[in-house]
Amino acid sequence: MRAVLVVNPQATATTAAGRDVLAHALASEVKLDVIETDYRGHAMKAARKAAEDGVDLVVAHGGDGTVNEVVNGMLTAGSPAPMLGVVPGGSANVFARALGLPRDPVEATGVLLTAIDAARSRTVGLGRVSWHDGSRFFTFNAGVGWDADVVAWVDRKRGKQTSPYLYAKAALACYLKPSHGQPRLQIEIPGEQPHQGGKLAFVSNTDPWTYLGNRAVHLNADCTFDSGLGLYSLSTLRLPTVLRALRQAVSKRGNQRGGKVLRRDDVDLVRVTAEEPVRLQVDGDLVGERTNVEFTSVPRALRVAV
């Protein structure tokens, strides 16, 4: 088996020593090349080249942003795409944890080696967000509005280190002083009348939507890698509504409900239109500002070693 290990040395939990241990362990099982990224988009470029070269396995060692770049690189190179391996190296590692992989890189490496040896994999669905001149796959979530503002705020403030506290601080700052004001979104779902006046639109490809440290955050508890997409929107950002939504999101049941909540757990397509440009994030990576985006479910899009 030919494999490429893509390492983001700037990710929160990656170290040179950890990279060397991982590379040595993988090299005992596969014919391995190692690539360290040094600019945004490098992981995508490396994964696309690996897929074009017919590599069997691409292993992403970094955070969710690195995984997202690797996935997009592999899937835009044509088919068949290589199998994906994930060794968490970021702060949240939402995709890896949703797959049931250990957060510890050494333990995750052990799981990966066992999967390679046993030829064990899982096929998962993805989401895809499109706009007038581009598109991007996402593995666990994407969003328009508040969450994308939080991503932008954190990107400006953090270095290599991040924490749940930093994200909580960002969420509060963006709530109290939204950079674009409160948007007015039209949300379209096939078979339904357009929903007017949404203040945010969060789209999930699995549950949990994200994690705050060890605590899972649930927006669409019935959403899985084997179903369609989950949609979550609020028609107001008044404090009582937001506090109730946050309380439900961090509860163990994660049962989001209420008169101001628009929630769907298994949809194939969601279209969001904004009166003014609003920020868009994909797997915790800021894409930019858009006025019209379309989210689609892509079933059985990716094979993952687990």
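This section describes an annotated span, the salt bridges and a charged surface patch in a predicted model.

An unreviewed UniProt entry lists residues 1-133 as "domain: DAGKc". The span is 41% helix and 26% strand. Its end C-alpha atoms lie 36 Å apart.

The structure holds 13 salt bridges. Side chains of opposite charge can pair when their charged atoms come close. Arginine 264 pairs with glutamate 192, at 2.9 Å from N to O. Arginine 264 belongs to strand E14 (residues 261-267), whereas glutamate 192 sits in the loop between strands E8 (185-188) and E9 (195-198). The pair therefore ties together parts that are 72 residues apart in sequence. Glutamate 192 is partly exposed, at 28% relative accessibility. Arginine 264 is also partly exposed, with a relative accessible area of 28%.

Strand E14 also carries arginine 263. This residue forms a salt bridge with aspartate 222, with the closest N and O atoms 3.8 Å apart. Aspartate 222 lies in the loop between strands E12 (215-217) and E13 (229-234), so the bridge links parts 41 residues apart in sequence. Arginine 263 is buried, at 16% relative accessibility. Aspartate 222 is exposed, with a relative accessible area of 52%.

Salt bridges with shared partners join Arg19, Asp20 and Glu36 into one network. Within it, the closest N and O atoms of arginine 19 and aspartate 20 are 2.9 Å apart. Aspartate 20 is partly exposed, at 42% relative accessibility.

A surface patch of positive charge gathers Arg244, Arg247, Arg253 and Arg257. Arginine 247 is placed in helix H8 (residues 239-249). Its relative accessible area is 55%, so arginine 247 counts as exposed.

Conventions
Residues are numbered from 1 along each chain as its sequence is written. This is a predicted model: local features need pLDDT of at least 70, side-chain atom pairs count only at pLDDT 80 or more; totals for chains, interfaces and linings use all residues. Side-chain values use heavy atoms; hydrogens and water are left out. UniProt positions are given in the numbering used here, feature names are shortened, and annotations may be inferred rather than shown by experiment. Helices (H or I, at least four residues) and strands (E, at least two) are DSSP runs, numbered from the N terminus. Patches are made of residues with over 30% relative accessible area and no salt bridge: like charges are joined within 9 Å, nonpolar side chains (Val, Leu, Ile, Met, Phe, Trp, Tyr) within 5 Å. Accessible areas come from the Shrake-Rupley method with a 1.4 Å probe; for residues, only the protein chains shown count as cover. A salt bridge is a side-chain nitrogen of Lys or Arg within 4 Å of a carboxyl oxygen of Asp or Glu. Lys and Arg count as positive and Asp and Glu as negative; His and the chain ends are not counted. The place of a charge is taken as NZ of Lys, CZ of Arg, CG of Asp or CD of Glu. Buried means under 20% relative accessible area, exposed over 50%, partly exposed in between (1.4 Å probe, protein chains only).
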